[in-house]
Amino acid sequence: MSISSHLEAITDAPTLEELWKRHAERMQAYGFDRLIYGLTHYRSGYSLGDPNDFLILTTHKPEYIEPFINDGFYFHAPMVKWALEHEGACSWRMMAEMVESGTMTKAEMKVVDFNQRMGVTAGYTISFKSVSQRSKGAAALTAREGLSQDDVDAIWDEHGRDIVLANNVAHLKISSLPYTPPTRSLTKRQREALQWVGDGKTTQDIAILMGLTPATVEKHLRLARESLNVETTAQAVLKAAFQNQMFIVEQ
């Protein structure tokens, strides 16, 4: 499939699942069989916010991704730090150069050792252009086992522009699709109540529009706040909007 046909297919993808499947297959054809895509809307300096609010897509096995995310390895990963300070693509050769020069911290070396044990040794990181100070997206492309960093750099010399283009388009498409974190789901009623709040309606207005009592509307808004793990209804509207859960078209 040509790059233009691939881009057409992923921009037409109606769900994250279909988009990610097509994107992963394309990256595997280039030699990258293990991917991590991450997006947060809650960045503050070097903090990326609550991991429960991250949008994470991956083709890694659970035995790698669970320690990397849940045990906080990502926080000390050299390429994650690079992605927070840069935009564009970077070869993992940079990590080998850091090791040789003795500029890695103990925490960073722990992540490098973990990656080596898991066969995550050659690849590229892409840091996407941010549209706000709070948002950050990046992708880590791990080459299949058996490929060296020299092999990967040679692949990049030949196909790097197409790989970056495919990832940029996938990132923009992912950013536009609804995403519901496993512990942050809203019911239809909760979403509808938040949508009316987003339209500037009062509790009394929403009660009339939804055919409910004001107390029931307040209950739905309270449960929405709890589901999204926020303190105010305004925060709930903002978080639901970040996740593209507002005014979604039912498939």
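Colleague: Why is Leu 238 called partly exposed?

Modeller: Leu 238 has a relative accessible area of 47%. Buried means under 20%, exposed means over 50%, and partly exposed is what falls in between, with a 1.4 Å probe and protein chains only as cover. So 47% makes Leu 238 partly exposed. Keep in mind that this is a predicted model, where local features need pLDDT of at least 70 and side-chain atom pairs count only at pLDDT 80 or more, while totals for chains, interfaces and linings use all residues. Residues are numbered from 1 along each chain as its sequence is written, and side-chain values use heavy atoms, with hydrogens and water left out.

Colleague: Where does Leu 238 lie?

Modeller: Leu 238 is in helix α11. Helices here are DSSP runs of H or I with at least four residues, strands are runs of E with at least two, and both are numbered from the N terminus.

Colleague: Which residues of α11 are buried, and what covers them?

Modeller: In α11, residues 233-242, the buried ones are Thr 233, Ala 236, Val 237, Lys 239 and Ala 240. Their cover includes α8 (188-198) and α10 (214-228). After α11 comes Asn 244, with a positive phi near 55°.

Colleague: Why are α9 and α10 called roughly perpendicular?

Modeller: Helix α9 (residues 203-210) and α10 pack at an angle of about 100°, and their axes are 8 Å apart. Axes are lines fitted to C-alpha atoms, for helices over the stretch in contact, and angles run from 0 to 180 degrees between N-to-C directions. Under 35 degrees counts as roughly parallel, over 145 as roughly antiparallel, 65 to 115 as roughly perpendicular and the rest as oblique. Therefore α9 and α10 are roughly perpendicular to each other.

Colleague: Which residues meet there?

Modeller: From α9, Thr 203, Gln 204, Ile 206 and Ala 207 meet Pro 214, Val 217 and Glu 218 of α10. By class, the contact between α9 and α10 has 4 nonpolar, 2 polar and 1 charged residues. Nonpolar covers Ala, Val, Leu, Ile, Met, Phe, Trp, Tyr, Cys and Pro; charged covers Asp, Glu, Lys and Arg; the others, Gly among them, are polar.

Colleague: Now the sheet: in what order do the strands run?

Modeller: The 5 strands form an open sheet, ordered β2-β1-β5-β4-β3, with antiparallel pairing. Two strands pair if DSSP finds at least two bridges between them.

Colleague: What makes β2 and β3 edge strands?

Modeller: Both β2 (55-58) and β3 (88-91) pair on one side only. The twist averages 15° from one strand to the next.

Colleague: How do you know that β1 pairs with β2?

Modeller: Strand β1 (residues 32-40) is joined to β2 by 4 bridges, and at least two are needed, so they pair. Among the partners, Gly 38 bridges to Ile 56, Tyr 37 to Leu 57, and Ile 36 stands opposite Thr 58. β1 also pairs with β5 over 8 bridges, in the antiparallel sense; Thr 40 stands opposite Lys 136 there.

Colleague: How covered are β1 and β2?

Modeller: β1 is mostly covered, with 8 of its 9 residues buried. β2 has Leu 55 and Leu 57 on a covered face, and Ile 56 and Thr 58 on an uncovered one.

Colleague: And how many helices and strands does the protein have?

Modeller: The protein has 11 helices and 5 strands. Of its 251 residues, 47% count as buried.

Notes:
Contact means heavy atoms within 4.5 Å.
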